Amino acid sequence: MIVTEMRESIKAIGILGTGSAVPEGVLTNAQLEAMVDTSDEWIVTRTGIRERRIADQGTASSHLAYEAALKALERAQIQAEDLDLIICATVTPDMAFPATACLLQDRLGINAIPAFDLSAGCSGFGYALTVAESMLRGGPYKKALVVGVDILSRITDYEDRSTSVLFGDGAGAAILGEVPNGFGFLASELGADGASGGVLQLPGGGSLQPASLESVHRRQHFIKMQGSDVFKFAVRILEESAKRVVAKAGLAMEDVVWVVPHQANIRIIRSAANRLEIPEERFFVNVDRYGNTSAASIGLALDELAQTGDLKHGDYVVLVGFGAGLTWSALVLRWFEGGLVRE
Ligand code: UT7
């Protein structure tokens, strides 16, 4: 676990604009009732999810990433040519290689700048923000595009009721650049507990179990999850990591205006609110409409929050997530509104 103090940085790096994209196709709880042995009542009470978005065949992660990136560029009022760096967090890349970030770079009509993917499951957006922030603060890079994108419907087993009700598709993007001192990212914490990685896996298709007829028959190309183990990890780590980064930023919990948590389950979010003693209304929630969109989740939620107008210049915001690895990421930023264009 690395805790990074950003407040004393040479230059302050923040978010200049956000964007998001979801496919048009909706999968409701009623539709799932016809697919697996479940009920709208179980899904809503146990998860808070009412519907999720599902990408059409032919839509890949780079397509959603592109849509989200264009909006983020527009809101940051910069051109794709102004970017120095692209980081894409995903566990469902278009293909094993080239990286989805490189496919996105090409789609944006730019080249030469570094572009790479990062795999940290649902913590991916927070990981990518932290990596990009460090590269901008310490290096020659000036503007970065960070995208969290996943099309989990491609790796979800629609015969498994314990996972099929949870996941959806989407993308969230942010443009990072220099902001006035005192704004932007103040502290971050990234962590991983590799020993617990087995509770959330996509076993097939890698070098250990390459795709074969047998791997397909054994349904190895679908998400396998011990849900209650992930649940316990999530409630513990959300509380602990959020407390550590808020303290590291020199703030008290009462200073936090918004928490944008990973959108996995409303019960996990409520438990975090209780443990952190932050009113639930200060947690931005859209899990009811999108389900768990993995690496897209926090970026998508942050973008929706920014578009509501309720996120004000100077607000202290905590972004906190957990996911496959098992990994976690927590960041504190002070929102900088300058130049941000709303629809
Ligand atoms: O982004 C990181 C990825 N993962 C997560 O965030 C998931 C974290 N975990 C969770 O959100 C919850 O653990 C779940 C929503 C996955 C499951 O909720 P739970 O309250 O932990 O339920 P459970 O797994 O303990 O199962 C309770 C019962 C079981 O039946 P029995 O054994 O008590 O008879 C399950 O078979 O609920 C049953 N069940 C369902 N029933 C109806 C499990 N899934 C369903 C379903 N519909 N879809």
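Reader: What should I know about the model before I start?

Author: The model is predicted: local features need pLDDT of at least 70, side-chain atom pairs count only at pLDDT 80 or more, and totals for chains, interfaces and linings use all residues. Residues are numbered from 1 along each chain as its sequence is written, and side-chain values use heavy atoms, with hydrogens and water left out.

Reader: How many residues surround the ligand, and which are the closest?

Author: A residue is near a molecule if one of its heavy atoms lies within 4 Å of it. Here 23 residues surround the ligand, and Thr38, Arg46, His262, Asn265 and Arg267 are the closest. For classes, Ala, Val, Leu, Ile, Met, Phe, Trp, Tyr, Cys and Pro count as nonpolar, Asp, Glu, Lys and Arg as charged, and the others, Gly among them, as polar. The shell has eleven nonpolar, eight polar and four charged residues.

Reader: Which polar side-chain atom lies 2.7 Å from a nitrogen atom of the ligand?

Author: A polar contact is a pair of N or O atoms within 3.5 Å; within protein, one must be able to donate a hydrogen and the other to accept it, and residues adjacent in sequence count only if both atoms are side-chain atoms. The atom in question belongs to Thr38.

Reader: How much of the ligand does the protein bury?

Author: Accessible areas come from the Shrake-Rupley method with a 1.4 Å probe; for residues, only the protein chains shown count as cover. The ligand taken alone exposes 940 Å², and the protein buries 70% of that.

Reader: Which element gives the largest share of the shell around the ligand?

Author: Helices (H or I, at least four residues) and strands (E, at least two) are DSSP runs, numbered from the N terminus. The largest share, four residues, comes from α8. Elements that give two or more residues to this shell are α2 (40–47), α6 (161–164), α8 (227–248) and α9 (266–276).

Reader: How is a pocket found, and what lines the largest pocket?

Author: Rolling a probe the size of a water molecule over the atoms shows where empty space is left. On a 1 Å grid over the protein atoms alone, with a 1.4 Å probe, a pocket is an open set of points with protein on both sides within 12 Å along at least five of seven lines; lining residues have an atom within 4 Å of a point. The largest pocket is lined by 45 residues, with Phe167, Leu200, Gln201, Ile223 and Met225 nearest its centre. Its lining has 21 nonpolar, 20 polar and four charged residues.

Reader: Where is there a salt bridge that involves Glu133?

Author: A salt bridge is a side-chain nitrogen of Lys or Arg within 4 Å of a carboxyl oxygen of Asp or Glu. The structure holds twelve. Glu133 pairs with Arg137, the closest N and O atoms being 2.9 Å apart. Both lie in helix α5 (residues 124–138), four residues apart, about one turn of the helix.

Reader: Is the peptide bond from Phe97 to Pro98 cis or trans?

Author: That bond is cis, with omega near 5°. Pro98 sits in the loop between β5 (85–89) and α4 (100–107). Another cis bond joins Gly325 and Leu326, with omega about -10°.
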